[in-house]
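Thanks for making time for this one.

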Amino acid sequence: MGEGSTGAAAAEVAEVADAVVRGATTWRRAGLAGAAIGVVAAGAAAGVAIERLTVGRGMRKKARLALDAAGPYGSLRGMPGTAYAEDGTELAYEVDEVESDTQAARRRRLFGRRAPAPVTVVFSHGYCLNQDSWHFQRAALRGVVRCVYWDQRSHGRSGRGVAQARDREPVSIDQLGRDLRAVIDAAAPEGPLVLVGHSMGGMTTMALADQFPDLVRERVAAVALVGTSSGGLGEVNFGLPVAGVNAVRRVLPGVLRALGSQAELVERGRRATSDLFAGVIKRYSFSSKDVDPAVARFAERMIESTPIDVVAEYYPAFNDHDKTEALKHFAALPVLVLAGDEDLVTPSGHSEVIAGLLPDAELVLVPDAGHLVMLEHPEAVTDRLADLLARTGTVATG
(Lines give C-alpha, C1' and ligand atoms only; values in the text may rest on other atoms or scores of the structure.)
Protein backbone atom coordinates (compact mmCIF):
# COMPACT_ATOMS: atom_id res chain seq x y z
CA MET A 1 0.00 0.00 0.00
CA GLY A 2 1.47 3.38 -0.97
CA GLU A 3 2.42 6.17 1.40
CA GLY A 4 -0.47 8.34 0.18
CA SER A 5 -3.12 5.71 0.78
CA THR A 6 -1.60 4.91 4.19
CA GLY A 7 -1.86 8.55 5.16
CA ALA A 8 -5.43 8.78 3.88
CA ALA A 9 -6.49 5.73 5.85
CA ALA A 10 -4.84 7.03 9.01
CA ALA A 11 -6.44 10.45 8.52
CA GLU A 12 -9.86 8.92 8.02
CA VAL A 13 -9.62 6.83 11.17
CA ALA A 14 -8.23 9.80 13.10
CA GLU A 15 -11.31 11.76 12.05
CA VAL A 16 -13.55 8.98 13.32
CA ALA A 17 -11.63 8.82 16.60
CA ASP A 18 -12.01 12.58 16.94
CA ALA A 19 -15.76 12.19 16.37
CA VAL A 20 -15.85 9.62 19.16
CA VAL A 21 -14.11 12.05 21.51
CA ARG A 22 -16.43 14.90 20.53
CA GLY A 23 -19.43 12.64 21.04
CA ALA A 24 -18.23 11.80 24.53
CA THR A 25 -19.76 15.02 25.90
CA THR A 26 -23.16 13.55 25.05
CA TRP A 27 -22.31 10.09 26.33
CA ARG A 28 -20.73 11.42 29.56
CA ARG A 29 -24.18 11.94 31.01
CA ALA A 30 -24.67 8.21 30.84
CA GLY A 31 -22.06 7.67 33.55
CA LEU A 32 -19.62 4.77 33.73
CA ALA A 33 -21.42 2.62 31.15
CA GLY A 34 -21.44 5.53 28.73
CA ALA A 35 -17.72 5.98 29.23
CA ALA A 36 -17.24 2.26 28.59
CA ILE A 37 -19.06 2.55 25.28
CA GLY A 38 -16.84 5.49 24.35
CA VAL A 39 -13.69 3.54 25.20
CA VAL A 40 -14.87 0.57 23.11
CA ALA A 41 -15.60 2.86 20.17
CA ALA A 42 -12.23 4.59 20.44
CA GLY A 43 -10.47 1.25 20.73
CA ALA A 44 -12.29 0.00 17.67
CA ALA A 45 -11.15 3.04 15.72
CA ALA A 46 -7.57 2.41 16.78
CA GLY A 47 -7.80 -1.26 15.83
CA VAL A 48 -9.12 -0.42 12.42
CA ALA A 49 -6.30 2.08 11.95
CA ILE A 50 -3.71 -0.64 12.58
CA GLU A 51 -5.52 -3.07 10.29
CA ARG A 52 -5.70 -0.51 7.50
CA LEU A 53 -2.00 0.16 7.71
CA THR A 54 -1.24 -3.52 7.17
CA VAL A 55 -3.93 -4.87 4.85
CA GLY A 56 -4.90 -2.09 2.53
CA ARG A 57 -8.23 -0.46 1.87
CA GLY A 58 -8.26 -1.30 -1.82
CA MET A 59 -7.74 -5.00 -1.20
CA ARG A 60 -10.62 -5.17 1.26
CA LYS A 61 -12.86 -3.20 -1.06
CA LYS A 62 -12.11 -5.61 -3.92
CA ALA A 63 -12.88 -8.57 -1.65
CA ARG A 64 -16.27 -7.08 -0.75
CA LEU A 65 -17.08 -6.40 -4.39
CA ALA A 66 -16.16 -9.98 -5.28
CA LEU A 67 -18.46 -11.30 -2.55
CA ASP A 68 -21.26 -8.98 -3.65
CA ALA A 69 -21.03 -10.50 -7.12
CA ALA A 70 -20.59 -14.09 -5.93
CA GLY A 71 -24.26 -14.97 -5.59
CA PRO A 72 -27.71 -13.82 -6.65
CA TYR A 73 -28.70 -13.03 -3.07
CA GLY A 74 -31.33 -10.34 -2.95
CA SER A 75 -31.81 -10.34 -6.72
CA LEU A 76 -35.25 -11.97 -6.84
CA ARG A 77 -38.01 -9.52 -7.65
CA GLY A 78 -41.79 -9.83 -7.98
CA MET A 79 -44.69 -7.65 -9.04
CA PRO A 80 -44.21 -4.42 -7.06
CA GLY A 81 -46.95 -2.64 -5.17
CA THR A 82 -47.39 0.04 -2.54
CA ALA A 83 -49.58 0.02 0.53
CA TYR A 84 -50.15 3.08 2.71
CA ALA A 85 -49.95 3.04 6.47
CA GLU A 86 -52.36 5.05 8.59
CA ASP A 87 -49.85 7.93 8.81
CA GLY A 88 -49.24 7.88 5.05
CA THR A 89 -45.96 5.94 5.10
CA GLU A 90 -45.39 4.13 1.81
CA LEU A 91 -44.94 0.40 2.40
CA ALA A 92 -43.30 -1.42 -0.50
CA TYR A 93 -44.30 -5.00 -1.22
CA GLU A 94 -43.81 -7.53 -4.01
CA VAL A 95 -46.00 -10.43 -5.06
CA ASP A 96 -44.81 -13.72 -6.54
CA GLU A 97 -47.79 -15.34 -8.25
CA VAL A 98 -48.38 -19.04 -8.85
CA GLU A 99 -47.06 -20.08 -12.25
CA SER A 100 -47.97 -22.87 -14.63
CA ASP A 101 -47.17 -26.58 -14.40
CA THR A 102 -43.57 -25.84 -15.36
CA GLN A 103 -43.01 -25.70 -11.60
CA ALA A 104 -44.27 -29.27 -11.06
CA ALA A 105 -40.84 -30.70 -10.25
CA ARG A 106 -40.16 -28.15 -7.54
CA ARG A 107 -43.68 -28.57 -6.20
CA ARG A 108 -43.14 -32.31 -5.86
CA ARG A 109 -39.82 -31.80 -4.13
CA LEU A 110 -41.35 -29.46 -1.57
CA PHE A 111 -44.69 -31.16 -1.00
CA GLY A 112 -44.42 -34.69 -2.34
CA ARG A 113 -47.91 -35.97 -3.15
CA ARG A 114 -49.46 -33.19 -1.14
CA ALA A 115 -49.94 -29.53 -1.94
CA PRO A 116 -51.09 -26.53 0.06
CA ALA A 117 -54.55 -25.09 -0.34
CA PRO A 118 -54.56 -21.92 -2.45
CA VAL A 119 -53.21 -19.46 0.09
CA THR A 120 -51.17 -16.27 0.12
CA VAL A 121 -48.06 -16.48 2.27
CA VAL A 122 -47.08 -13.10 3.74
CA PHE A 123 -43.44 -12.82 4.85
CA SER A 124 -42.44 -10.16 7.43
CA HIS A 125 -38.73 -9.51 7.97
CA GLY A 126 -36.74 -8.55 11.04
CA TYR A 127 -35.03 -5.48 12.49
CA CYS A 128 -32.41 -3.87 10.22
CA LEU A 129 -33.19 -6.35 7.43
CA ASN A 130 -35.55 -6.23 4.45
CA GLN A 131 -37.69 -8.55 2.35
CA ASP A 132 -34.59 -10.00 0.68
CA SER A 133 -33.70 -11.77 3.93
CA TRP A 134 -36.13 -14.48 2.74
CA HIS A 135 -34.05 -15.05 -0.42
CA PHE A 136 -33.70 -18.83 -0.16
CA GLN A 137 -37.30 -19.46 0.84
CA ARG A 138 -38.42 -17.18 -1.97
CA ALA A 139 -36.32 -19.09 -4.49
CA ALA A 140 -37.87 -22.39 -3.36
CA LEU A 141 -41.49 -21.22 -3.26
CA ARG A 142 -41.31 -18.99 -6.34
CA GLY A 143 -44.13 -19.83 -8.72
CA VAL A 144 -45.37 -22.67 -6.50
CA VAL A 145 -47.32 -20.69 -3.88
CA ARG A 146 -48.60 -17.12 -4.00
CA CYS A 147 -46.29 -15.10 -1.75
CA VAL A 148 -46.11 -11.49 -0.58
CA TYR A 149 -42.83 -9.98 0.66
CA TRP A 150 -42.79 -6.50 2.14
CA ASP A 151 -40.39 -4.03 3.70
CA GLN A 152 -41.25 -2.67 7.13
CA ARG A 153 -41.40 1.11 7.50
CA SER A 154 -38.02 2.83 7.11
CA HIS A 155 -36.48 -0.43 5.88
CA GLY A 156 -35.64 -1.63 2.37
CA ARG A 157 -37.70 0.00 -0.35
CA SER A 158 -40.39 1.30 1.99
CA GLY A 159 -40.58 4.99 2.80
CA ARG A 160 -39.25 6.64 5.91
CA GLY A 161 -41.84 6.37 8.68
CA VAL A 162 -43.88 9.57 8.42
CA ALA A 163 -44.86 9.57 12.08
CA GLN A 164 -41.20 9.22 13.02
CA ALA A 165 -39.60 11.67 10.58
CA ARG A 166 -42.32 14.33 10.69
CA ASP A 167 -43.92 13.99 14.11
CA ARG A 168 -41.01 12.45 16.04
CA GLU A 169 -43.30 9.70 17.29
CA PRO A 170 -41.57 6.56 18.55
CA VAL A 171 -42.04 3.33 16.64
CA SER A 172 -44.27 0.78 18.34
CA ILE A 173 -44.79 -2.89 17.59
CA ASP A 174 -48.53 -2.17 17.48
CA GLN A 175 -47.90 0.30 14.67
CA LEU A 176 -46.04 -2.38 12.76
CA GLY A 177 -49.03 -4.70 13.19
CA ARG A 178 -51.26 -2.06 11.62
CA ASP A 179 -48.72 -1.65 8.80
CA LEU A 180 -48.97 -5.38 8.13
CA ARG A 181 -52.75 -5.07 7.97
CA ALA A 182 -52.37 -2.32 5.34
CA VAL A 183 -50.11 -4.58 3.26
CA ILE A 184 -52.57 -7.47 3.52
CA ASP A 185 -55.46 -5.22 2.49
CA ALA A 186 -53.51 -4.06 -0.56
CA ALA A 187 -51.75 -7.24 -1.66
CA ALA A 188 -54.06 -10.02 -0.44
CA PRO A 189 -57.50 -8.55 0.23
CA GLU A 190 -59.26 -11.92 0.09
CA GLY A 191 -58.56 -15.61 0.51
CA PRO A 192 -56.72 -17.61 3.19
CA LEU A 193 -53.39 -16.38 4.54
CA VAL A 194 -50.30 -17.95 6.01
CA LEU A 195 -48.29 -15.47 8.10
CA VAL A 196 -44.52 -15.92 8.39
CA GLY A 197 -42.46 -13.58 10.56
CA HIS A 198 -38.80 -13.52 11.55
CA SER A 199 -37.66 -11.72 14.70
CA MET A 200 -39.32 -8.27 14.60
CA GLY A 201 -41.51 -9.66 11.81
CA GLY A 202 -42.80 -12.29 14.22
CA MET A 203 -43.61 -9.56 16.72
CA THR A 204 -45.39 -7.66 13.94
CA THR A 205 -47.46 -10.78 13.27
CA MET A 206 -48.40 -11.04 16.95
CA ALA A 207 -49.36 -7.35 16.98
CA LEU A 208 -51.61 -7.93 13.96
CA ALA A 209 -53.39 -10.74 15.82
CA ASP A 210 -53.71 -8.62 18.95
CA GLN A 211 -55.42 -5.76 17.10
CA PHE A 212 -57.29 -7.67 14.40
CA PRO A 213 -58.40 -10.98 15.92
CA ASP A 214 -61.31 -11.21 13.47
CA LEU A 215 -58.88 -11.23 10.54
CA VAL A 216 -56.95 -14.09 12.13
CA ARG A 217 -60.08 -16.07 12.89
CA GLU A 218 -61.64 -15.58 9.45
CA ARG A 219 -58.65 -15.74 7.11
CA VAL A 220 -55.41 -17.00 8.65
CA ALA A 221 -54.77 -20.67 7.91
CA ALA A 222 -51.35 -21.07 9.58
CA VAL A 223 -48.55 -19.11 11.24
CA ALA A 224 -44.75 -19.47 11.34
CA LEU A 225 -42.80 -17.61 14.01
CA VAL A 226 -39.06 -17.71 13.28
CA GLY A 227 -36.40 -16.57 15.75
CA THR A 228 -38.78 -14.28 17.59
CA SER A 229 -40.12 -13.44 21.03
CA SER A 230 -43.46 -12.67 22.66
CA GLY A 231 -41.80 -10.48 25.32
CA GLY A 232 -39.05 -10.25 27.91
CA LEU A 233 -36.40 -8.96 25.52
CA GLY A 234 -35.09 -6.65 28.21
CA GLU A 235 -33.59 -9.71 29.88
CA VAL A 236 -31.51 -10.87 26.90
CA ASN A 237 -27.75 -10.65 27.58
CA PHE A 238 -26.57 -11.17 23.97
CA GLY A 239 -23.98 -13.69 25.12
CA LEU A 240 -22.17 -11.07 27.22
CA PRO A 241 -21.47 -10.80 30.97
CA VAL A 242 -24.70 -9.93 32.76
CA ALA A 243 -23.30 -7.03 34.82
CA GLY A 244 -21.89 -5.27 31.78
CA VAL A 245 -25.03 -5.82 29.75
CA ASN A 246 -27.21 -4.36 32.50
CA ALA A 247 -25.05 -1.25 32.65
CA VAL A 248 -25.08 -0.77 28.91
CA ARG A 249 -28.80 -1.52 28.66
CA ARG A 250 -29.58 1.37 31.01
CA VAL A 251 -27.84 3.92 28.84
CA LEU A 252 -28.13 2.47 25.35
CA PRO A 253 -31.45 4.16 24.42
CA GLY A 254 -29.97 7.56 25.27
CA VAL A 255 -26.75 6.82 23.44
CA LEU A 256 -28.66 5.67 20.36
CA ARG A 257 -30.76 8.84 20.43
CA ALA A 258 -27.58 10.90 20.57
CA LEU A 259 -26.08 8.96 17.67
CA GLY A 260 -29.31 9.25 15.70
CA SER A 261 -29.22 13.03 16.09
CA GLN A 262 -25.77 13.04 14.44
CA ALA A 263 -26.64 10.56 11.72
CA GLU A 264 -24.32 11.94 9.02
CA LEU A 265 -21.29 11.87 11.32
CA VAL A 266 -22.12 8.40 12.60
CA GLU A 267 -22.63 7.00 9.09
CA ARG A 268 -19.14 8.20 8.18
CA GLY A 269 -17.86 6.41 11.25
CA ARG A 270 -19.70 3.22 10.31
CA ARG A 271 -18.07 3.28 6.89
CA ALA A 272 -14.63 3.83 8.37
CA THR A 273 -15.07 0.98 10.85
CA SER A 274 -16.80 -1.39 8.44
CA ASP A 275 -14.31 -4.17 9.14
CA LEU A 276 -15.13 -4.13 12.84
CA PHE A 277 -18.87 -4.08 12.23
CA ALA A 278 -18.62 -6.94 9.75
CA GLY A 279 -17.26 -9.10 12.56
CA VAL A 280 -19.97 -7.98 14.97
CA ILE A 281 -22.70 -8.64 12.41
CA LYS A 282 -21.38 -12.11 11.70
CA ARG A 283 -21.15 -12.90 15.41
CA TYR A 284 -24.79 -12.01 16.06
CA SER A 285 -26.22 -13.34 12.80
CA PHE A 286 -24.68 -16.79 12.44
CA SER A 287 -23.38 -19.65 14.55
CA SER A 288 -21.79 -21.91 11.91
CA LYS A 289 -18.05 -21.57 11.43
CA ASP A 290 -18.32 -22.38 7.73
CA VAL A 291 -21.13 -20.00 6.73
CA ASP A 292 -20.78 -18.99 3.06
CA PRO A 293 -18.79 -15.70 2.98
CA ALA A 294 -21.10 -14.41 0.24
CA VAL A 295 -24.14 -15.04 2.49
CA ALA A 296 -22.39 -13.32 5.40
CA ARG A 297 -21.61 -10.35 3.17
CA PHE A 298 -25.24 -10.31 1.97
CA ALA A 299 -26.46 -10.04 5.57
CA GLU A 300 -23.89 -7.36 6.25
CA ARG A 301 -25.13 -5.29 3.31
CA MET A 302 -28.73 -5.47 4.51
CA ILE A 303 -27.85 -4.42 8.04
CA GLU A 304 -25.47 -1.69 6.88
CA SER A 305 -28.22 -0.20 4.72
CA THR A 306 -30.35 0.63 7.78
CA PRO A 307 -29.62 4.27 8.75
CA ILE A 308 -28.49 4.85 12.33
CA ASP A 309 -31.46 7.09 13.12
CA VAL A 310 -33.79 4.22 12.12
CA VAL A 311 -31.79 1.82 14.29
CA ALA A 312 -32.18 4.28 17.17
CA GLU A 313 -35.90 4.96 16.86
CA TYR A 314 -36.82 1.26 16.71
CA TYR A 315 -34.76 0.08 19.66
CA PRO A 316 -37.05 1.19 22.54
CA ALA A 317 -40.00 -0.69 21.03
CA PHE A 318 -38.40 -4.03 21.82
CA ASN A 319 -38.18 -3.43 25.55
CA ASP A 320 -41.87 -2.46 25.52
CA HIS A 321 -42.89 -5.48 23.45
CA ASP A 322 -45.19 -7.95 25.22
CA LYS A 323 -47.61 -9.91 23.08
CA THR A 324 -47.96 -12.99 25.24
CA GLU A 325 -51.75 -12.57 25.37
CA ALA A 326 -51.95 -12.20 21.59
CA LEU A 327 -50.70 -15.75 21.09
CA LYS A 328 -54.10 -17.12 22.10
CA HIS A 329 -55.43 -16.02 18.72
CA PHE A 330 -53.17 -18.62 17.08
CA ALA A 331 -54.17 -21.48 19.38
CA ALA A 332 -56.54 -23.17 16.91
CA LEU A 333 -54.16 -22.90 13.95
CA PRO A 334 -51.22 -24.95 12.65
CA VAL A 335 -48.22 -23.06 14.04
CA LEU A 336 -44.51 -23.52 13.39
CA VAL A 337 -42.15 -22.07 16.02
CA LEU A 338 -38.56 -22.26 14.77
CA ALA A 339 -35.28 -20.85 16.04
CA GLY A 340 -31.55 -21.33 15.86
CA ASP A 341 -30.32 -23.06 19.00
CA GLU A 342 -27.39 -20.59 19.24
CA ASP A 343 -29.39 -17.41 18.61
CA LEU A 344 -27.90 -14.60 20.72
CA VAL A 345 -30.45 -11.95 19.72
CA THR A 346 -33.74 -13.70 20.42
CA PRO A 347 -32.53 -16.81 22.24
CA SER A 348 -34.23 -20.12 21.53
CA GLY A 349 -35.67 -20.08 25.05
CA HIS A 350 -38.07 -17.39 23.84
CA SER A 351 -39.32 -19.75 21.13
CA GLU A 352 -39.74 -22.45 23.75
CA VAL A 353 -41.89 -20.06 25.78
CA ILE A 354 -44.08 -19.39 22.73
CA ALA A 355 -44.42 -23.11 22.02
CA GLY A 356 -45.31 -23.70 25.67
CA LEU A 357 -48.21 -21.28 25.32
CA LEU A 358 -49.27 -22.97 22.06
CA PRO A 359 -49.07 -26.65 23.01
CA ASP A 360 -50.18 -27.83 19.56
CA ALA A 361 -47.44 -25.86 17.81
CA GLU A 362 -44.48 -27.58 16.18
CA LEU A 363 -41.26 -26.46 17.89
CA VAL A 364 -38.06 -26.76 15.85
CA LEU A 365 -34.65 -25.77 17.21
CA VAL A 366 -32.11 -25.85 14.39
CA PRO A 367 -28.65 -27.03 15.55
CA ASP A 368 -25.62 -24.79 15.01
CA ALA A 369 -27.79 -21.88 13.89
CA GLY A 370 -27.85 -18.23 14.89
CA HIS A 371 -30.35 -15.42 14.50
CA LEU A 372 -30.44 -15.44 10.68
CA VAL A 373 -31.34 -19.13 10.58
CA MET A 374 -33.24 -18.77 7.28
CA LEU A 375 -29.98 -17.69 5.59
CA GLU A 376 -27.64 -19.94 7.55
CA HIS A 377 -29.63 -23.18 7.22
CA PRO A 378 -32.13 -22.35 4.46
CA GLU A 379 -33.21 -25.90 3.66
CA ALA A 380 -34.13 -26.63 7.27
CA VAL A 381 -36.39 -23.56 7.32
CA THR A 382 -37.84 -24.08 3.84
CA ASP A 383 -38.68 -27.73 4.45
CA ARG A 384 -40.50 -26.91 7.67
CA LEU A 385 -42.42 -24.13 5.93
CA ALA A 386 -43.41 -26.57 3.19
CA ASP A 387 -44.70 -28.99 5.83
CA LEU A 388 -46.69 -26.17 7.42
CA LEU A 389 -48.16 -25.12 4.08
CA ALA A 390 -49.18 -28.69 3.32
CA ARG A 391 -51.01 -28.83 6.64
CA THR A 392 -53.17 -25.85 5.68
CA GLY A 393 -55.31 -28.10 3.50
CA THR A 394 -53.73 -30.95 1.63
CA VAL A 395 -54.92 -32.33 -1.67
CA ALA A 396 -53.56 -35.21 -3.72
CA THR A 397 -51.30 -34.22 -6.60
CA GLY A 398 -51.55 -37.54 -8.44
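Predicted model: local features only at pLDDT ≥ 70, side-chain atom pairs only at ≥ 80, totals over all residues.

Residues are numbered from 1 along each chain as its sequence is written, and side-chain values use heavy atoms, with hydrogens and water left out.

Strand S7 covers residues 220–226 and pairs with S8 in the parallel sense over four bridges, where pairing requires that DSSP finds at least two bridges between two strands, and strands themselves are DSSP runs of E with at least two residues, just as helices are runs of H or I with at least four, both numbered from the N terminus. Leu-225 also stands opposite Val-337 in S8. On the other hand, S6 and S7 pair in the parallel sense over six bridges, and there His-198 has Val-226 in S7 as its bridge partner. S8 in turn pairs with strand S9, residues 362–366, in the parallel sense over five bridges, with Val-364 in S9 as the bridge partner of Leu-338.

How covered are S7 and S8? Seven of the seven residues of S7 are buried, meaning under 20% relative accessible area with a 1.4 Å probe and protein chains only, where over 50% would be exposed and anything in between partly exposed. In S8, residues 335–340, six of six are buried, and this holds on both faces, with Val-335, Val-337 and Ala-339 on one side and Leu-336, Leu-338 and Gly-340 on the other.

Now to the loop between strand S6 (193–198) and H8, which is the place of Ser-199. Phi of Ser-199 is near 55 degrees, a positive value in a residue other than glycine. That deserves a remark, since most residues other than glycine have a negative phi. Ser-199 is also buried, with a relative accessible area of 6%. Cys-128, in the loop between strand S4 (120–124) and helix H5 (135–141), likewise has a positive phi, of about 65 degrees, although it is not a glycine, and Cys-128 is buried at a relative accessible area of 8%.

Helix H8 takes in residues 200–211, and its 12 residues reach 16 Å from the first C-alpha to the last, close to the 16 Å expected at 1.5 Å a residue, the expected span being 1.5 Å times one less than the number of residues. Is H8 mostly covered or mostly open? It is mostly covered, with 10 of its 12 residues buried, among them Met-200, Thr-204 and Leu-208.

Turning to side chains, Arg-181 lies over the face of Phe-212, at 4.9 Å from the ring centre; for a charge to sit over a ring, NZ of Lys or CZ of Arg must be within 6 Å of the ring centre and within 35 degrees of the ring normal. The charged end of Arg-283 sits over the ring of Tyr-284, 5.8 Å from its centre.

Finally, for the chain overall, there are 17 helices and 10 strands, and 52% of its 398 residues count as buried.
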